[in-house]
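Colleague: I would like to learn how to read strands and helices in a model. Could we walk through one together?
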Amino acid sequence: MTTTANVAIAPESRRGSPVPTGAMIMTRFMELRKRRGLMIALLAVNIGIPTIFLAVRLIAHAVAPHSYGPAGGYSIFETLIAGVMYIFGFIVAATLGCTAGSVDLTEGVFRHLVVTGRSRLALYFARIPAGLMIIVPVVAVGVIMVCTVCVVAAPTKLNFDGINNLPAGLSRQGFVSWAEQHPGDAICDMGYRYKGPPSASYVNCGPNNEIIVVTNQAGSTTATKATKSEARAQAIRSANQNFSAYGTTFLSPPLKLMIDTGLWVELWAIIGFLIGLGLSSLMGQRTLPVVLLIVYEIILTPLFSRVGIPHLINAQRGLVGLAMAHIEPAGLPAVFGGGNGGGSNQLVTESTTVAVIVIVAWIVVWTALGAWRMAKRDA
Amino acid sequence: MSVIAVDESPTVRARESDWAVETHNLTKRFGASVAVNGVDLKVPVGCAFGYLGPNGAGKTTLIRVLLGLTHADAGSMSLLGYEVPRHRDVALARVGAIVDEPRFHAHLTGRQNLQILAAAREPAARGRIGPSLERVGMSTRADDRVAKYSMGMRQRLGVAACLLGDPQLLILDEPMNGLDPGGMHDMREMIRSFVAEGRTVVLSSHLLDEVERTCDAVAIVDRGNIIRQGPIAELLSGSDMELMIECSDPDAARQLLAAANLGGHADVSMDGLTISLAAGSDRAVVAEINRILVESGNLVYRLELNKASLESWFLEVTTRLGAPE
């Protein structure tokens with residue numbers, strides 16, 4: 001034993017740096033990508049389910065066009081994006097995040113990585129781009145596929161409140177003019193919600209779609225056929241009241257809406273991944289964080305986004321799901337029963353600035369918590 | 001004095017040290033229990049060093065503290081001359097280690113697992129994947145999923161992982177676990193070859209026979225304390241020897257040797273006469289015993305001198321061999 005340690009040190013001097021190398025990111029990407037079950041779930045939710053749904057509709061419409069409507073169009077876009085991809089995309093992204101954050105620990109590889117001398121923060125941060133390299137393209141492919149089918153296979157006629165002969169893309173003036181010319185459709189199908197003081201008489205839709213004037217006098221109600229001018233005036237009122245809903249009804253989703261929606265769904269998936277990564281790194285396991293995030297997404301967020309609890313209202317405003325609902329692109333149906341879309345706004349109120357702050361805070365806090373725990377935990 | 005140095009860090013220069021591992025008063029507690037109790041350990045550079053102890057003695061805990069897998073509560077330590085945890089990243093650049101059993105991502109192949117570990121090391125580590133796999137005899141199975149590997153193959157893959165950093169120090173925690181006799185032989189040969197290349201190997205094990213065959217020096221740990229440490233030959237030289245005598249009249253021989261006052265203690269058993277000789281007894285004593293017996297007319301059929309084995313010495317100095325964890 002006559003040798004002396006005078007150690008060979010690699011020229012690389014970044015081992016203590018929290019910034020991961022490209023090789024670390026790529027190998028971490030490979031490790032996640034090779035998880036077959038997880039990848040199948042990710043692809044099934046983001047691409048498979050929309051694909052099957054649209055394929056069935058395409059085939060059904062091709063076989064029996066009178067019985068089955070077009071496969072695409074605006075309403076299908078709304079349903080798939082807000083109903084499936086937004087909610088389930090979050091869950092799958094969170095599951096991927098939970099996997100990325102915990103498998104090194106649960107599979108006993110973390111200690112092998114730590115004894116390389118590489119910064120634990122670098123080991124943690126390598127998982128973020130690696131996971132996003134999977135999530136972002138998969139969600140993008142799903143959204144692009146849905147958008148493509150919804151545009152290409154859109155209906156040729158607009159269906160608005162059951163009206164099939166209404167042209168698409170009318171201005172308010174054009175919409176009102178169309179209603180004047182079709183008072184039956186305007187009054188009977190669009191409807192009109194009277195908001196004024198109690199009135200002795202009003203124009204309404206009678207039996208067999210006949211336009212009638214209903215008069216309340218001395219406790220008795222009488223109905224007489226409306227004159228053309230009375231019907232036209234009521235149709236104009238109805239058109240004005242329904243124009244905002246008409247304005248967000250399209251044959252196919254507009255390009256801007258598709259882009260905004262794609263970015264919105266991507267953001268939500270990224271948030272889901274980062275929360276999952278941070279939470280699972282904090283807890284050191286995968287199953288419980290996945291369950292917690294599903295409960296959060298499916299139960300807690302819808303509940304606390306709609307029901308305002310006076311003493312907890314500010315805590316509710318801290319929910320990232322509520323914040324995301326507030327920045328939902330106009331033109332989509334409201335997620336969780338609220339939002340800026342076509343539905344009535346029932347969300348707990350929150351300014352856009354606060355919503356953005358909440359989103360950034362969730363990303364930063366969960367990432368920091370996960371990194372802190374990975375740096376401090378026993379390996 | 002040969003120097004293993006290849007190059008030096010531009011920022012942190014290793015001081016020349018005769019010790020690959022050096023600890024002073026190293027202590028690690030888990031609540032009220034002390035797993036590592038003021039350990040002063042010195043592992044010489046360029047040897048195979050056995051770290052022995054009963055189950056629960058604190059062997060793995062010490063290794064985990066050395067590698068920064070858990071923090072020490074008190075004391076100081078250095079690896080390859082670098083203070084850790086202060087220069088942990090630089091020190092570990094040339095350390096390879098298996099702690100507990102080697103575990104890998106089961107859904108990936110052996111090669112892919114090594115790619116992940118190599119990526120965490122310096123860029124040159126990627127080029128060592130193939131040679132490392134070849135060295136441990138895993139080249140042909142490197143592209144199979146780890147889920148299909150036996151325990152022995154995982155151990156070998158673990159050693160391959162250690163070699164990615166071209167380590168000057170290898171710390172192997174129970175590397176013989178799960179290996180069949182052939183695998184143990186291969187592992188022993190591999191460890192000796194590492195030492196022959198100038199690397200230092202710290203081997204934690206409870207397989208005393210394997211350690212005795214493989215290592216140059218040992219430390220015995222019990223209840224978190226190091227009881228003895230040093231070169232095996234030196235440690236065993238302080239142990240008693242036994243002389244087995246098969247002769248025609250053992251009882252007469254015992255009385256005769258007791259009267260001759262040769263410094264040993266004689267016992268007669270079914271197997272014959274056994275004489276315990278004090279540590280350091282000269283071989284001439286054996287010849288003298290033989291002469292006395294022959295001259296007294298006692299027929300001597302066999303004389304066998306048994307030096308103390310590591311196992312018997314271990315049993316002497318520890319109190320809890322085989323105690324449950």
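Colleague: How many bridges join strand β4 of chain A to β5(A)?

Modeller: Strands of a sheet pair through backbone hydrogen bonds, either parallel or antiparallel. Here 6 bridges join β4 (residues 211-217) of chain A to β5(A), and the two run antiparallel. Two strands count as paired if DSSP finds at least two bridges between them; helices (H or I, at least four residues) and strands (E, at least two) are DSSP runs, numbered from the N terminus. This is a predicted model, where local features need pLDDT of at least 70, side-chain atom pairs count only at pLDDT 80 or more, and totals for chains, interfaces and linings use all residues. Residues are numbered from 1 along each chain as its sequence is written, while chains are lettered from A and ligands numbered from 1 in the order in which they are written.

Colleague: Which residue in β5(A) stands opposite Val213(A)?

Modeller: That is Thr224(A). The open sheet has 3 strands in the order β3-β4-β5 (chain A), with antiparallel pairing. Its edge strands, β3 (201-205) and β5 (220-225) of chain A, each pair on one side only.

Colleague: At what angle do the axes of helix α8 and helix α9 of chain A cross?

Modeller: Axes are lines fitted to C-alpha atoms, for helices over the stretch in contact, and angles run from 0 to 180 degrees between N-to-C directions. The axes of α8 (residues 183-190) and α9 (residues 228-247) of chain A come within 8 Å and cross at roughly 55 degrees. α8(A) and α9(A) are therefore oblique to each other (under 35 degrees is roughly parallel, over 145 roughly antiparallel, 65 to 115 roughly perpendicular and the rest oblique).
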